[in-house]
Amino acid sequence: SEFFPFLDVGEVRLDPVKEMERSLVGKKLGVDFFPTPAGLANEMVLDAGVSAGSLVLEPSAGSGNLAEAIVRAGGKVHCIEWSSTLSDLLRLKKFEVLGSDFMDFDTDLRYDAVVMNPPFSDRKDAAHVMRAFGFLADGGTLVVICGEGVFFGSDSKAVEFREWQ
């Protein structure tokens, strides 16, 4: 270049994670994909009491915002993600993805915390909360973003959820 005659930078490559994240902008990745904002993810992980050595389940991992906050807090995270595209991104970010469908997931492990932003459509958030509770170790903590409807809806799934609580 005439401006930098002594600088040979060669081919400039973006970080593969950033490249993949940018390639997903504007793509429909499922009707219920709403990434958790970083600030809220940090707050949820703090509320869950995640610290060094905590084993945490993230059953709707999406693009990994909650998983990243869990790791920053010192926890080890197991992810589940329905979208194969987002699962690929999670693996590229070096997260352990144990499955694709949380409602079919099974393990003998019990977790210190489950932190999640589940799908909301058709009251899936209520079903995910009830299922997630069973993966907690004694004294474990569940921190979830839920739609308001599970707390006041008159449909059978909302009523079942409230009665379960």
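**Close-up views of a predicted model**

View 1. Arg123 is partly exposed, with a relative accessible area of 24%, where buried means under 20%, exposed means over 50% and partly exposed covers what lies in between, judged with a 1.4 Å probe and protein chains only. The structure is a predicted model, in which local features need pLDDT of at least 70 and side-chain atom pairs count only at pLDDT 80 or more, while totals for chains, interfaces and linings use all residues. Residues are numbered from 1 along each chain as its sequence is written, and side-chain values use heavy atoms, with hydrogens and water left out. Arg123 sits in the loop between strand 4 (111-116) and helix 5, and its phi is near 60°, a positive value in a residue other than glycine. Helices (H or I, at least four residues) and strands (E, at least two) are DSSP runs that are numbered from the N terminus.

View 2. Asp125 belongs to helix 5, which spans residues 124-133. Although buried, Asp125 has no salt bridge, and the nearest side chain of opposite charge, that of Arg123, is 5.7 Å away; a salt bridge would need a side-chain nitrogen of Lys or Arg within 4 Å of a carboxyl oxygen of Asp or Glu. Lys and Arg are counted as positive and Asp and Glu as negative, whereas His and the chain ends are not counted. When residues up to four places away in sequence are left aside, Asp125 touches Pro118, Pro119, Phe120, Cys146, Gly147 and Val150, a contact being heavy atoms within 4.5 Å.

View 3. Rings of Phe, Tyr and Trp (its six-membered ring) pair if their centres lie within 6.5 Å, and planes under 30 degrees apart count as stacked, over 60 as edge-to-face and the rest as tilted. By this rule, the count comes to five aromatic pairs. Phe133 and Trp164 form an edge-to-face pair, with 5.7 Å from centre to centre and 85° between the planes. Because Phe133 lies in helix 5 and Trp164 in helix 7 (residues 156-164), this pair ties together parts that are 31 residues apart in sequence. The pair of Phe151 and Phe161 is also edge-to-face, because the ring centres are 5.9 Å apart and the planes stand at 75°. Since Phe151 lies in helix 6 (residues 149-152) and Phe161 in helix 7, the parts tied together here are 10 residues apart in sequence. Phe161 counts as buried at 4% relative accessibility, whereas Phe151, at 46%, counts as partly exposed, and Trp164, at 35%, is likewise partly exposed. Together, Phe133, Phe151, Phe161 and Trp164 form one aromatic cluster.

**View 4. Arg131 over the ring of Phe102.** Arg131 lies over the face of Phe102, at 5.7 Å from the ring centre. A charge sits over a ring if NZ of Lys or CZ of Arg is within 6 Å of the ring centre and within 35 degrees of the ring normal.

**View 5. Lys94 between helix 4 and strand 3.** Lys94 is placed in the loop between helix 4 (84-92) and strand 3 (96-99). Its phi is near 75°, a positive value in a residue other than glycine, and at 71% relative accessibility Lys94 counts as exposed. For orientation in the chain, there are seven helices and five strands, which run α-α-β-α-β-α-β-β-α-β-α-α from the N terminus on.
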